[in-house]
Amino acid sequence: MNDADFAIWRTYGVKGWPTVALIDPEGYIAGAVSGEGHYDVLDGAIGKIVAEHAEKGTLDRTPRRFRREAEESGPLSFPGKVAADAGRLFISDTHHHRIVVADLDGRVLETIGSGEAGLADGGFAEAQFHEPEGICIDGSLLYVADPENHAVRRVNLKRKRIETIAGTGTIGRARGRGAGREVALSSPWDLALDGDVLYIAMAGMHQVWTLDLGGGSVGPFAGSGREDIVDGELDDAAFAQPSGIALVGGRIYVADSEVSGVRVIDLAKGVVGTLVGEGLFEFGDADGVGTLARMQHPLGVAGGEGKLYVADSYNHKVKAIDLATRRVTTIAGDGNAGLVDGKAARFHEPTGLAFAGGRLYVADTNNHSIRVVELARGEVSTLPVG
């Protein structure tokens, strides 16, 4: 629920997020919990409510179907992220549980994964993902953040094989370092590669982790695990659901979604800073310099030509940050959800970005499409993937 005006927040007396309220079949609030990890409590409470109202005769078991706001119709279903190399696009076709490989004109060259949700290694036809997101390319190797499986996968494009290199397949709580396949992860959402070090936006832990591709170990790199916006030394800093990550000029840039911010990790100095964002409840839509700018739940970042491009998801815009001046400007999107090409373009919750050849490729999630921003002309088109 995007409760931008806090109407539901105030009505239900919410003090923090996430908050889950249980409403019984007669419309009364039966209880509420805040924070994550309350499955057992909620499961027990729901079971009691079902039993009580079944006995009272107030439980309606008629199946309900909730229509999505935008039903998908085409080769992509809620694409989450996109990556580009010389002549190819790699698209996380998230709700089809696969990776689509296309050329820059949109012609599909290959699909990776069976299309069935699951966690299975093997050849392209039988291997399974579960709502894959972030993609990172390294020659003939492709690294994939597989958040619903709480895993990081590696795709060998030459051998056409997929293997799991980090995560156990179950959600993790511990924050220590260990062997990749023995450490449980928590919603890895995006990836960035620097040599043999794979940086992971670990959304569920509110941290940035690293995976040593040479030694195989995985563990926290930056962030205390506290959900907040705090700058400083790597261990003392705090993030809030980092969901996008990019390596630009020796620095790691992070789309820090829950604080509607963009953070930066200076790898040489070992410190975390902030480009945009001031707090968990400071969001909006405003261009400007540094803390004068506002975004709302950005989910993707990509670097190119001295700028950092940001998928300002809930504002339905693509913005750019000048890395020399910290000035934020809107480059595409008018703030309204829609699918419109040209200079007066509209997006619907864009979440992933890739920069290549003076163009910006955008995973326009709720439009089930890939959009192309011609940066020199400021025009947007829809890539005909198929």
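Asp285, Asp312, Lys317 and Lys319 are joined to one another in a network of salt bridges. The model is a predicted one, and 24 salt bridges are found in the structure.

Three further pairs are worth a look. In one of them, lysine 56 meets glutamate 26, with 3.0 Å between the closest N and O atoms. Lysine 56 is exposed, because its relative accessible area of 52% lies over the 50% cut-off. Glutamate 26, at 39% relative accessibility, is partly exposed.

Aspartate 256 and arginine 263 form another salt bridge, and here the closest N and O atoms are 2.8 Å apart. Both aspartate 256 and arginine 263 are buried. Arginine 294 and glutamate 282 are also bridged, with their closest N and O atoms 3.5 Å apart. This pair links distant parts of the chain: arginine 294 is in the loop between β22 (288-289) and β23 (300-304), glutamate 282 is in the loop between β21 (271-276) and β22, and twelve residues separate them. Arginine 294 counts as buried because its relative accessibility is 16%, under the 20% cut-off.

Turning to the aromatic side chains, a search of the whole structure gives five aromatic pairs. For phenylalanine 6 and tryptophan 9, the ring centres are 5.4 Å apart and the planes stand at 85°, so the pair is edge-to-face. Both phenylalanine 6 and tryptophan 9 are buried. Tryptophan 9 also pairs edge-to-face with phenylalanine 281, at 5.6 Å centre to centre and with 75° between the planes. This second pair links distant parts of the chain, as tryptophan 9 lies in helix α1 (residues 7-11) and phenylalanine 281 in the loop between β21 and β22, 272 residues apart. The relative accessible area of tryptophan 9 is 18%, which means that tryptophan 9 is buried, whereas phenylalanine 281 is partly exposed at 42%. Phe6, Trp9, Phe281 and Phe283 make up one aromatic cluster.

Two bridges connect β12 in the antiparallel sense with strand β16 (residues 217-222). Within β16, serine 217 is the bridge partner of alanine 179.

Two individual residues complete the picture. Aspartate 146 is part of strand β9 and is buried, with a relative accessible area of 0%. Its side chain makes a polar contact of 2.9 Å with the side chain of arginine 153. Leaving aside neighbours within four places in sequence, aspartate 146 is in contact with Gln128, Phe129, His130, Glu131, Pro132, Ala151, Arg153 and Pro188.

Threonine 111 is found in strand β6 (residues 108-112) and is partly exposed, with a relative accessible area of 32%. Its contacts, not counting residues up to four places away in sequence, are Arg98, Ile99, Val100 and Phe124. Between threonine 111 and aspartate 93, which are 18 residues apart in sequence, the C-alpha to C-alpha distance is 9.5 Å.

Key. Residues are numbered from 1 along each chain as its sequence is written. This is a predicted model: local features need pLDDT of at least 70, side-chain atom pairs count only at pLDDT 80 or more; totals for chains, interfaces and linings use all residues. Side-chain values use heavy atoms; hydrogens and water are left out. Helices (H or I, at least four residues) and strands (E, at least two) are DSSP runs, numbered from the N terminus. Buried means under 20% relative accessible area, exposed over 50%, partly exposed in between (1.4 Å probe, protein chains only). Contact means heavy atoms within 4.5 Å. Two strands pair if DSSP finds at least two bridges between them. A polar contact is a pair of N or O atoms within 3.5 Å; within protein, one must be able to donate a hydrogen and the other to accept it, and residues adjacent in sequence count only if both atoms are side-chain atoms. A salt bridge is a side-chain nitrogen of Lys or Arg within 4 Å of a carboxyl oxygen of Asp or Glu. Rings of Phe, Tyr and Trp (its six-membered ring) pair if their centres lie within 6.5 Å; planes under 30 degrees apart count as stacked, over 60 as edge-to-face and the rest as tilted.
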